[in-house]
Amino acid sequence: MRNILLFSLVVVMGLTACQNQKKDEAEASNPFFSPYTTPYNVPPFEQIKPEHYLPAMEKAMAEHKKEVEVIINNADAPSFENTIVALDDAGKMLSEVASVYFGLKSADGTEGIMKIASEVGQKLSAHSDDISLNPDLFKRVEAVYNQKDELELNGEQLMLLEDTYKGFVRSGVSLADDKKGELREINARLSELFNNFSTNVLTETNKFKLVIDNEADLAGLPASVVAGAAETATEMGLEGKWVFTTQKPSMLPFLQYADKRELREQLYKGYYMRGNNNDSLDNKEIIEEIVNLRVKKANLLGYESYADYVLEERMAKTSDKVYELLNQLWDRALPVAKKERAAMQAIIDREKGGFKLASWDWWYYAEKVRQEKYNLDENEVRPYFELNNVRDGAFAVATKLFGLQFEEITGEFPKPHADAQVFKVLEADGSHKGILYMDWHPRATKKQGAWCGAYRKQSRRGGENIPPVVTIVCNFSKPVGDLPALLSFDEASTLFHEFGHGLHQLLSDCTYNGLSGTSVPRDFVELPSQIMENWAGDPEVMKEYARHYKTGEVIPDELVAKLQNSGHFNQGFATTEYLAAALLDMNYHTQKETQELDVNQFEEDYLKSIGLIPEIISRYKSTYFMHIFASSGYTAGYYSYIWSGVLDADAFEAFKETSLYDQATAKSFRENILERGGTVDAMEMYKNFRGREPKIEALLRQRGLD
Ligand SMILES: [Zn+2]
């Protein structure tokens, strides 16, 4: 269930005149309280202050509740329009306020925003429960659902009806009152724990620094990395020193190039021990409680495990299906990782290192293998992947495939952060399609990673077409000194990836808010994003966008060939560290009983049991596995990336079989997948596009695991 939520605003009677007046003033200055007067109706970001959120949310929740009351008290018999569509239309203000709040919490979580996070989470969770556990509302929904065969609904309407009905059932509306109370408590507590978990990870990430004051300790590092570390030090008031952090753009180059082994160890440990230091920021007890509460919740709702509860709504449907795919890939990837390990140990031995490869050595020796075997030096590559060139390359692909145009808006325009770029997105005929923000570089208030979200989704909510407001947020290498932002090839692929999610939002052509854009099963949602990475790495496409930032020279064939060859480089490692995390997630969430959980032991025992080698650490260790413990988002769902990987590799073959920009294939991809949101069953959408179910072979080939 998506947007059906509520909370009652406590109407305090007997306020003094003075308080009323103050309240009026507060309302008058709260940008959420009146219609926006901004261009394209984007949120008036600069006017929104942290103190506006809670009052706005309370008003929005009260409004939503009133709308729900109107639905319940409608004297007419329940119908699709007066109940199901009315519910989808309801809560518009709440979606506005919540999307701004959560969008900024991730992209610019300033103190004022973070301070109210726990309160916001709890209020929304209670509001959501108030609606989804309302028996009178469910009675009407059920009444419509029971006549679904006679209503002559179209596919999209039928999907909305089923989704709404299932959402109520899965929320526990049919439970006895005492069980409902128990469920509410679980939901509220989970929301609190998610918040504690993610606050701890963010604090830990910002806390750890590797401070270097002896220049000799920088041996091996490229000049640009050294310059970046000096800038970081200056920002932290450590002028004249060099600082490396556990943020990936700072950490990975250090692990890759720094000759000083003990410093690599220090930094990597700082990273992988986050949330596991037995102090006030430790996440182990939080994880134990989350895992057990999820078992309880699943059992309450009649499922054996939390994974069963989750997967029912996914393309995979069952945990057996998920394990089947993951195990199949594990058996292919692990032997390749072991070969990679042997190749690196051979270098260590040849150099008379006299030690056994450890996890903090992997990137360093992998880089040596890369230079030896593929003769590819990342620093040779970066100048060809200047950020704005890569971005324009992604735009050009969308223009060739779908006819979209992108116009940068410069000058005054509301933006979620001063550093963000903003674009108008237009159809080939010039009609407005949406607004796209792009916010590229790390800052202390930004969550790690890269993501795409919407400040407003596309829909025809309330009968009018609402164009989306989309945002892409990344943590890419910063410009350093006179150098512009020069991306690694990985970062360039990530840009195309997030842009793919952006297209899924921008091209959405759905009626109902709850089913539009990326409102698709978790294991399907990475298809539109990951397929774009194929264009990012295609030689023909690269020649169009990968130009030297200084000379404008097109990337040389020889370098393209090297990049292509190195596509299989380190894939054993990459696939294995990912699968370890995906399997760990499944193992936590297929538990059928609550238990005393020693998190470190649980993780270690499990990963040992599947044969993970000690030189590789799970992509995420439990104590900073945000995907599964900072929200419900990717719970029993981290596998989705590779599930979607099967889909995207197989789907891209449809272009390879024709041509890179084949118009008929592009049209079919747009109409059957990108425009459809969640209005059609995921497997059906895929079959409509591909003419058959997905096959695994293209993915194995792509990764050199065949
Ligand atoms: Zn993604």
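1. The largest cavity holds about 40 Å³ of space. A cavity here is a set of points on a 1 Å grid, over the protein atoms alone, where a 1.4 Å probe fits but cannot get out, and lining residues have an atom within 4 Å of a point. Grid points are joined across faces, edges and corners, and the volume is the space filled by probe spheres set on them. The structure has 2 cavities of 30 Å³ or more. Residues lining the largest one include L104, D108, H417, R443 and Y455, and both α4 (92-107) and β7 (469-473) supply at least two residues of that lining.

2. Before going on, a word on the source: this is a predicted model, with local features needing pLDDT of at least 70 and side-chain atom pairs counted only at pLDDT 80 or more, while totals for chains, interfaces and linings use all residues. Residues are numbered from 1 along each chain as its sequence is written, and side-chain values use heavy atoms, with hydrogens and water left out.

3. Now compare the linings by class. The largest cavity has 6 nonpolar, 2 polar and 3 charged residues; the second largest cavity, also with about 40 Å³ of space, has 8 nonpolar, 1 polar and no charged residues. (Nonpolar covers Ala, Val, Leu, Ile, Met, Phe, Trp, Tyr, Cys and Pro; charged covers Asp, Glu, Lys and Arg; the others, Gly among them, are polar.) In the second largest cavity α20 gives the most, with 3 residues. Helices (H or I, at least four residues) and strands (E, at least two) are DSSP runs, numbered from the N terminus.

4. On to the zinc ion: H497 (NE2), H501 (NE2) and E526 (OE) coordinate it at 2.1 Å. Donors are N, O and S atoms within 2.8 Å of the metal (3.2 Å for Na, K and Ca), and sites may look incomplete because water is not among the atoms. The donor spacing in sequence is H-x3-H-x24-E. H497 sits in helix α19 (residues 489-506) and E526 in the loop between α19 and α20 (527-536), so this pair ties together parts 29 residues apart in sequence. H497 and E526 are both buried, where buried means under 20% relative accessible area, exposed over 50% and partly exposed in between (1.4 Å probe, protein chains only).

5. The second largest pocket has a volume of about 870 Å³. A pocket is an open set of points with protein on both sides within 12 Å along at least five of seven lines. Of its 34 lining residues, G228, T232, P249, S250 and K478 are the closest to the centre. Helix α10 makes the largest share of the lining, 7 residues.

6. One of the elements giving two or more residues to that pocket lining is β2 (242-245). Strand β1 (residues 209-212) runs antiparallel to β2, joined by 4 bridges; strands pair if DSSP finds at least two bridges between them. L210 stands opposite F244, and K209 opposite T245.

7. Anyone looking for disulfides (cysteine sulfur atoms within 2.5 Å) will find 0. For C452, the nearest cysteine sulfur is that of C474, 9.2 Å away. C474 counts as buried because its relative accessibility is 0%.
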